[in-house]
Amino acid sequence: MDHKNSIKTLTRESFREDILHHLKYTVGKDRSHASIYDWRLALSYSLRDRIVEPWFASTKDTWDYDHKRVFYLSMEFLIGRIIEDAAINLGLKGIATAALMDLGQDFDTLVHDEPDAALGNGGLGRLAACYMESMATLGCPGYGYGIRYEHGLFRQRFEMGQQVETPEDWLSQRHPWEFERPESNYTVRFKGHLEETHGRTVWVPSETVIATAFDTPVVGWQGHWANTLRLWGSKPTTLFNLERFNRGDYTAAAEPETLARTITRVLYPDDTTSAGKELRLKQEYFLTSASIKDILRRYREAHDDLTELDRHVAIQMNDTHPALAGPELIRLLVDRHGMDFEQAMDISQNVLSYTNHTLLPEALERWSTWLMGNILPRHMQIIEKIDEAHRNANPARPASIGIVRNQEVHMGELAFIMSHKVNGVSALHTDLIKSQLFPELNKLHPDRITNVTNGVTPRRWLKLANPGLANLITDTIGAGWEADLDRLQELVPYADDAAFREAFMAVKRDNKAKVAHWMKVKCGIDGDPDAMFDVQVKRIHEYKRQLMNVFETIAQWHEIKKNPEGDFVPRVKIFGGKSAPGYAVAKEIIHLINDVGEVINNDPDMRGRLKVIYPPNYNVTMAERLIPAADLSEQISTAGKEASGTGNMKLSLNGALTIGTLDGANVEIRERVGAENFFLFGMTAEEVIERRKNVNHAREAIEASQSLKDVLQMIAEGRFSPDERDRYHGLVHRAWNSDYFLVASDFADYQRAQAEVDAAFLDRDRWARMAVLNTAHMGFFSSDRSIRAYMENIWDTQSAL
């Protein structure tokens with residue numbers, strides 16, 4: 001392709017001229033008056049120009065050769081900053097840095113001026129972003145479909161230790177990476193009623209909005225292929241009611257615009273109210289409807305026969321949020337294209353597949369039949385027909401399962417029944433889907449559930465995030481590992497090379513020193529780079545057990561207080577993550593972590609031996625800082641609750657050692673890196689189930705652990721909340737009397753494992769060897785491997801390269 005040669009012939013001088021051209025003609029500034037923001041935009045547009053060439057060439061190739069396309073539907077795409085990622089994948093970082101230097105600008109300064117795109121929350125969205133990059137790297141023709149959230153999830157800050165949510169403002173600035181496509185717009189309908197006309201069901205909506213497309217090109221490694229991330233914005237069908245405005249009813253005049261903007265304002269609005277539930281359902285249908293219509297439009301431009309849709313189209317539903325894709329595709333095939341229901345359902349099942357991401361009952365969405373029928377009356381009718389058709393086709397189906405039951409629509413069952421493949425995201429998780437989540441459906445469809453263990457892109461999570469380690473790897477085993485991560489195995493012999501171990505740990509210490517400086521500036525707290533950086537960064541949830549971590553932190557503080565002259569391994573405990581706005585218990589845990597940190601960080605007895613640091617507003621950019629600096633990776637969820645995790649992979653890839661349970665992908669990480677290089681503790685998923693049968697499990701575990709009893713007593717006494725001594729009485733009560741996620745039952749073994757961590761950290765050679773072997777054995781966890789598995793086992797598609 002011609003675009004490859006254009007990248008190869010690009011020079012420092014020509015790229016410098018590109019930047020100046022965009023500064024003048026796109027941004028509208030001259031050099032003497034340009035701000036950092038202006039220079040960043042000029043750099044972004046210059047890089048985008050170089051992405052457009054492979055993007056256009058890839059699109060043309062897909063149309064010319066009629067490649068089968070993959071359409072990835074996800075409520076989240078946590079893409080992070082784009083400048084450096086694009087420059088690295090295009091092979092232009094060195095040229096861009098030099099060109100900017102000629103212009104008196106610093107590449108890193110411009111990178112850090114770029115806001116994170118507020119398009120996701122956690123692992124689900126970051127996985128989608130990794131998969132989009134790997135699809136482009138592998139030449140898998142594909143599109144990502146999501147929502148262009150104006151304010152994202154929220155920006156987190158702490159006031160008196162408590163989480164406070166404020167709107168993200170990433171779109172208050174120009175977003176230079178996207179192309180608005182006003183010609184690609186679709187009407188999305190809500191509410192109304194159904195009419196029967198000439199034997200056909202007609203949906204007459206009472207609310208409508210327009211979905212309009214914004215395209216961002218996603219370029220793969222070395223710029224050989226680029227795919228499209230299409231995000232939907234929402235606009236009113238009736239822009240403005242001038243008559244109402246002129247009557248002075250200004251609020252009513254703006255109602256259509258308010259409805260449209262509300263749909264795309266915020267990711268995961270609080271659904272503890274009926275209005276919040278309605279908005280969430282509308283968001284999910286908005287994404288699904290616009291995307292399915294767009295997919296059919298693309299297909300119809302090249303093909304006439306809709307019965308062959310599955311030969312050219314694969315649609316992946318990332319969790320249950322896009323589960324309405326099945327009913328919507330059936331609706332369009334039946335209502336618009338005149339197909340009979342049974343054929344439409346069969347075609348839809350052959351096209352659709354579903355990735356399950358959770359075993360938590362509350363995360364498997366359920367909507368009341370009243371709400372579904374009110375917001376989407378035609379879809380409620382179709383869902384009931386799907387359920388009936390599945391029941392009739394499977395006479396052995398127990399009455400206890402089904403899509404519609406107990407006046408609720410179960411979206412997990414809907415996604416399962418409407419898919420030809422359902423995949424888990426780790427080996428353990430997939431087994432639990434079969435045995436615990438969908439056991440009866442698995443019996444009816446024994447070949448439907450398969451496993452694709454998650455992966456992460458090494459281009460962002462090693463080459464970009466940890467350039468020191470990336471350069472050391474290249475110097476040691478040569479170039480090319482970025483697209484063939486299994487080559488990290490070549491590092492295994494170097495674990496016994498003292499010089500390599502020293503260089504490896506020097507990179508780690510340098511990363512820690514940079515993070516320590518950043519935390520001092522951001523949080524005002526000193527962190528010694530020679531101390532162990534003990535990191536737990538992830539969404540705040542009870543099953544992820546940040547509570548157990550903070551309990552152990554209190555226990556460690558208590559031990560130092562009892563023996564202030566004792567010899568303790570110094571630790572910097574680093575937390576990061578957000579709680580859902582309506583999740584009161586998780587927000588209470590955040591408050592406790594910050595209260596504990598306030599006491600410990602101001603205790604003169606600690607003398608640098610223990611610090612607690614919780615930087616607010618954890619996002620992709622913060623992860624890129626913290627993960628390369630981590631010594632210890634806390635992966636301590638209750639066994640059987642974490643589907644996979646990807647933070648565990650990123651941390652191990654960057655040479656952090658894991659303390660963890662046999663949960664999610666921890667199981668496979670431990671198998672790969674070796675049990676001797678992993679600090680295991682806690683019950684298995686089977687033992688967790690048995691333990692819960694003992695109604696007194698929490699009280700018995702606490703009574704058996706004087707350390708935990710002391711921790712709870714100190715919290716109950718208000719030692720960490722002197723201004724409000726009863727602040728955590730509810731938390732302590734739950735720990736003694738319910739403790740569903742078994743913090744108390746695993747606590748003693750967690751302490752044992754932490755003591756093993758201390759002993760290993762004191763032996764610097766042993767620790768370095770373990771760290772090297774963690775990195776060396778992480779090749780399996782590349783998202784390239786994951787995407788190859790999807791292509792072969794689920795999507796039935798080939799690389800176009």
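Visitor: Is Leu279 buried or exposed?
Guide: Leu279 counts as buried, because its relative accessible area is 17% and the cut-off for buried is under 20%. Bear in mind that this is a predicted model.

Visitor: Okay, where does Leu279 sit?
Guide: Leu279 belongs to helix H11, which covers residues 274-302.

Visitor: And what is Leu279 in contact with, leaving aside its neighbours within four places in sequence?
Guide: With those set aside, Leu279 is in contact with Thr262, Ile263 and Pro269. Take Thr262: 17 residues separate it from Leu279 in sequence, and the C-alpha to C-alpha distance is 8.0 Å.

Visitor: Which strands does H11 lie across?
Guide: Helix H11 lies across S1 (69-73), S2 (142-147), S5, S8, S9 and S10 (313-318). Relative to S5, H11 runs at about 120°.

Visitor: What's the strand order in that sheet?
Guide: It's an open sheet of nine strands, in the order S5-S8-S9-S2-S1-S10-S11-S15-S16, and the pairing is mixed. S5 (179-190) and S16 (449-451) are at the edges; each has a single partner strand, so one side of each has no neighbour in the sheet. On average, neighbouring strands are turned by 25° against each other, direction ignored.

Visitor: Which other helix packs on the sheet?
Guide: Helix H10 (residues 255-263) does, touching S5, S8 and S9. The direction of H10 makes about 150° with that of S9.

Visitor: How many bridges join S8 to S9?
Guide: There are 11 bridges between S8 (residues 207-219) and S9 (residues 226-236), and the two strands run antiparallel. As an example, Ala211 has Ser234 in S9 as its bridge partner.

Visitor: Switching topic: what's in the hairpin formed by S3 and S4?
Guide: S3 (residues 155-159) and S4 (residues 162-166) run antiparallel and are joined by five bridges. Gln156 has Glu165 in S4 as its bridge partner. Two residues lie between the strands, and Met160 in the turn has a positive phi of about 55°.

Visitor: Now the surface. Which residues form the nonpolar patch?
Guide: Leu239, Phe240, Leu242 and Phe245 form it, and together they have about 400 Å² of accessible area.

Visitor: Where does Phe240 lie, and why is it called partly exposed?
Guide: Phe240 lies in the loop between S9 and helix H8 (242-246). Its relative accessible area is 38%, so it counts as partly exposed: that label covers values between the 20% and 50% cut-offs.

Key. Residues are numbered from 1 along each chain as its sequence is written. This is a predicted model: local features need pLDDT of at least 70, side-chain atom pairs count only at pLDDT 80 or more; totals for chains, interfaces and linings use all residues. Side-chain values use heavy atoms; hydrogens and water are left out. Two strands pair if DSSP finds at least two bridges between them. Helices (H or I, at least four residues) and strands (E, at least two) are DSSP runs, numbered from the N terminus. Axes are lines fitted to C-alpha atoms, for helices over the stretch in contact, and angles run from 0 to 180 degrees between N-to-C directions. Contact means heavy atoms within 4.5 Å. Patches are made of residues with over 30% relative accessible area and no salt bridge: like charges are joined within 9 Å, nonpolar side chains (Val, Leu, Ile, Met, Phe, Trp, Tyr) within 5 Å. Accessible areas come from the Shrake-Rupley method with a 1.4 Å probe; for residues, only the protein chains shown count as cover. A salt bridge is a side-chain nitrogen of Lys or Arg within 4 Å of a carboxyl oxygen of Asp or Glu. Buried means under 20% relative accessible area, exposed over 50%, partly exposed in between (1.4 Å probe, protein chains only).
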